[in-house]
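Please find below some comments on the model, in numbered points.

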Amino acid sequence: MTAGAQEQPTQAGILLEGFLSLGTPEGFRAELIEGEIVVKPLPDGDHEACINAVLKQVLRKSRTDMDFSGNKGLELPRGEEDRPRNHAVPDGTFAATKRRLFRGADPWMPCEGVALVVEVTSTKPQADREAKRRCYARGGIPLYLLIDRDAGSVTLFSDPEDADYRQHLTIPYGKPLPLPEPFAFDLETGDFG
């Protein structure tokens with residue numbers, strides 16, 4: 001290769017570069033999920049009430065002290081070779097306080113060390129149910145909590161392997177949902193509906 005020659009940009013590289021330089025309009029947030037740029041409006045009050053109910057319980061009841069970040073960008077492995085790495089923004093991200101994971105983190109941080117991500121369905125519920133679930137599993141995030149407002153249910157996905165979780169438990173609103181270690185408590189879901 002000569003000094004003047006340059007590598008040809010790939011389609012995945014162009015997409016990632018375009019995404020990272022995207023100027024998202026005020027009141028919206030953008031993600032890059034399985035090769036698709038998704039722009040969503042900011043969440044409504046009921047959505048935030050669900051996140052707040054989870055946050056309060058984790059901080060009060062968790063066996064392990066946890067730190068929380070709302071809307072933290074996570075860089076996750078790509079699904080297919082011709083696609084860029086996924087860039088997801090969970091509604092909530094929890095990590096053990098002793099890891100100090102959020103301190104000094106870039107806007108798009110690696111997912112290693114994340115204990116739990118939380119999503120509350122809103123304008124694109126299918127993305128939360130499927131595409132984002134696969135992204136989080138590929139990243140090895142041990143627990144994914146999905147609060148499905150349309151279905152009136154809460155699902156805990158666990159035991160990630162490749163592009164999915166091997167286990168899941170779905171309960172209707174109002175029933176307790178056991179969260180395993182490092183949390184080790186029953187999440188009360190009555191305030192979600």
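**Notes on salt bridges and cores**

1. R133 has a relative accessible area of 15% and is therefore buried, since the cut-off is under 20%. This holds for a predicted model, as does everything below.

2. R133 forms a salt bridge with D164, with 2.7 Å between the closest N and O atoms. Because R133 belongs to helix α3 and D164 to strand β11 (residues 164-172), the pair ties together parts that are 31 residues apart in sequence. D164 is partly exposed, at 29% relative accessibility.

3. A salt bridge also joins the side chains of R129 and D150, at 3.6 Å from N to O. R129 is in helix α3 (residues 125-138) and D150 in the loop between β9 and β10, so this pair links parts that are 21 residues apart in sequence. D150 counts as exposed, its relative accessibility being 58%.

4. The whole structure contains 14 salt bridges. One of them pairs K40 with E31, whose closest N and O atoms are 3.4 Å apart. K40 and E31 are both buried. A network of salt bridges links E31, K40, E119 and K132.

5. The largest nonpolar core has 24 residues, of which V54, F94, L145 and F183 touch the most other members. Elements that each supply at least two residues include α2 (45-61), β8 (116-120) and β9 (143-148). The most come from α2, which gives 6 residues.

6. Beyond its neighbours within four places in sequence, F94 has contacts that include V54, L55, V58, M66, F68, L116 and F183. A separate core of 20 residues has M109, V117, I141 and Y165 among its members.

Technical notes
Residues are numbered from 1 along each chain as its sequence is written. This is a predicted model: local features need pLDDT of at least 70, side-chain atom pairs count only at pLDDT 80 or more; totals for chains, interfaces and linings use all residues. Side-chain values use heavy atoms; hydrogens and water are left out. A nonpolar core is a set of buried Ala, Val, Leu, Ile, Met, Phe, Trp, Tyr and Cys residues joined through side-chain atoms within 4.5 Å. Buried means under 20% relative accessible area, exposed over 50%, partly exposed in between (1.4 Å probe, protein chains only). Helices (H or I, at least four residues) and strands (E, at least two) are DSSP runs, numbered from the N terminus. Contact means heavy atoms within 4.5 Å. A salt bridge is a side-chain nitrogen of Lys or Arg within 4 Å of a carboxyl oxygen of Asp or Glu.
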